[in-house]
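Please look at the fold below with these notes beside you.

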Amino acid sequence: MIESKAEIAEAVERIHAVRREIAKVIVGQEAVVEQLLWCLIAGGHALLEGVPGLGKTMLVRTAADALDLTFSRIQFTPDLMPSDITGTRIVEFGAAGQPAAFRFQPGPIFGNLVLADEINRATPKTQSALLEAMQERTVTAGGETHPLPRPFFVLATQNPLEQEGTYPLPEAQLDRFLLKIDVGYPSREELKAIALRTTSARETKAEKVAGAEDLHRVQRYAKEVLISDDMLDLAVRIVMSTHPGEADAPEAVRRHVRYGAGPRGVQALIGIAKVRALLDGRLHVSRADLSAAAGPVLRHRIVLGYEAIASGVRPDELIAGVLEAAGVGP
């Protein structure tokens with residue numbers, strides 16, 4: 001149980017300190033940084049989507065520095081093999097007269113903060129190599145199961161699907177990402193600041209201001225945040241309204257959606273709402289928390305129909321309609 005308000009405030013301040021350290025390196029992108037921290041505190045994985053050059057890789061590396069977590073990067077390419085991610089068994093020759101033996105050589109997935117860079121550049125076979133790691137926090141190779149370090153997060157970057165040489169992630173894998181974070185272009189002023197910062201002789205790097213134990217404390221506190229029956233019913237109604245067959249679904253959902261969010265969507269919506277409430281200094285979930293969490297939680301869990309894809313309908317537009325129908329402002 002949470003013992004005192006001072007304990008909560010001290011733990012939350014560590015996270016705000018991480019946010020400030022990230023801001024020393026990353027210009028702007030406040031919403032992206034905020035959602036990334038939500039995801040880490042909730043203990044899930046995040047998918048960051050945006051065109052190349054927007055600082056997605058730098059953001060993940062900077063977060064690892066500020067939290068003092070081991071960082072591992074996997075560059076996804078069409079010729080990447082599953083064993084290049086998980087690791088493989090290698091032959092280890094003993095001394096003279098001793099038999100050879102197999103030894104497991106861990107792959108880059110064995111890290112605290114794993115950057116899966118341009119994940120949709122790899123083939124579906126290689127993408128699926130992450131499924132066990134993301135869900136079970138283990139890797140199985142040669143009939144043996146190896147636990148991954150704790151904490152363990154996969155932060156994947158993805159190029160927009162309209163670009164050439166990309167492979168859409170399957171729905172089963174998308175659902176295992178707690179959040180999908182859209183990374184947009186910087187503003188005019190932010191672009192000027194980026195140019196000045198990156199073309200000067202001074203190199204800025206985030207300092208360690210928190211550790212794995214601090215993160216674990218905040219994760220535990222977030223789980224203790226209360227949610228009333230009314231807010232729980234609202235969260236369920238929001239998720240159910242993404243189903244085209246649901247009576248309360250907006251007309252746009254019934255017309256454009258093939259499949260809506262499932263049970264992981266409800267779990268993620270409530271979990272992220274609790275984290276947002278905690279970081280705001282509250283121990284209860286509000287309607288604003290659910291509204292803010294809905295976009296990044298649901299946008300990758302809504303499967304659009306062919307007409308919607310052809311018409312350029314975006315999941316965020318449908319989510320906005322769902323929230324409006326549920327009486328929750330954006």
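1. Helix α2 has 13 residues. From first C-alpha to last, α2 reaches 18 Å, close to the 18 Å expected at 1.5 Å a residue. The expected span is 1.5 Å times one less than the number of residues. Helices here are DSSP runs of H or I with at least four residues, strands are E runs of at least two, and both are numbered from the N terminus.

2. A word on the source. This is a predicted model, where local features need pLDDT of at least 70, side-chain atom pairs count only at pLDDT 80 or more, and totals for chains, interfaces and linings use all residues. Residues are numbered from 1 along each chain as its sequence is written, and side-chain values use heavy atoms, with hydrogens and water left out.

3. Which residues of α2 are buried? They are V32, V33, Q35, L36, L37, W38, C39, L40 and I41. Buried means under 20% relative accessible area, exposed over 50%, and partly exposed in between (1.4 Å probe, protein chains only). After α2 comes G43, with a positive phi near 80 degrees.

4. Now the sheet. It is open, with 5 strands in the order β2-β5-β8-β1-β9 and parallel pairing. Two strands pair if DSSP finds at least two bridges between them. β2 (71-75) and β9 (179-182) are the edge strands; each has a single partner, so one side of each lacks a neighbour in the sheet. On average, neighbouring strands are turned by 20 degrees against each other, direction ignored.

5. Take one pair. Strand β1 (residues 46-49) and strand β8 (residues 153-158) run parallel and are joined by 4 bridges. L47 stands opposite A156 in β8.

6. Two helices lie across strands of this sheet. α2 (residues 30-42) lies across β1, β5 (113-117), β8 and β9, at about 165 degrees to β9. α3 (residues 56-67) lies across β1, β2, β5 and β8, at about 175 degrees to β5. Contact means heavy atoms within 4.5 Å. Axes are lines fitted to C-alpha atoms, for helices over the stretch in contact, and angles run from 0 to 180 degrees between N-to-C directions.

7. Check the loops too. The peptide bond from R150 to P151 is cis, with omega near -5 degrees. P151 sits in the loop between β7 (144-147) and β8.

8. Two residues other than glycine have positive phi. D68 has phi near 55 degrees and lies in the loop between α3 and β2. R137 has phi of about 60 degrees and lies between α6 (130-136) and β6 (138-141). Buried or partly exposed? D68 is partly exposed, at 45% relative accessibility, while R137 is buried, at 17%.
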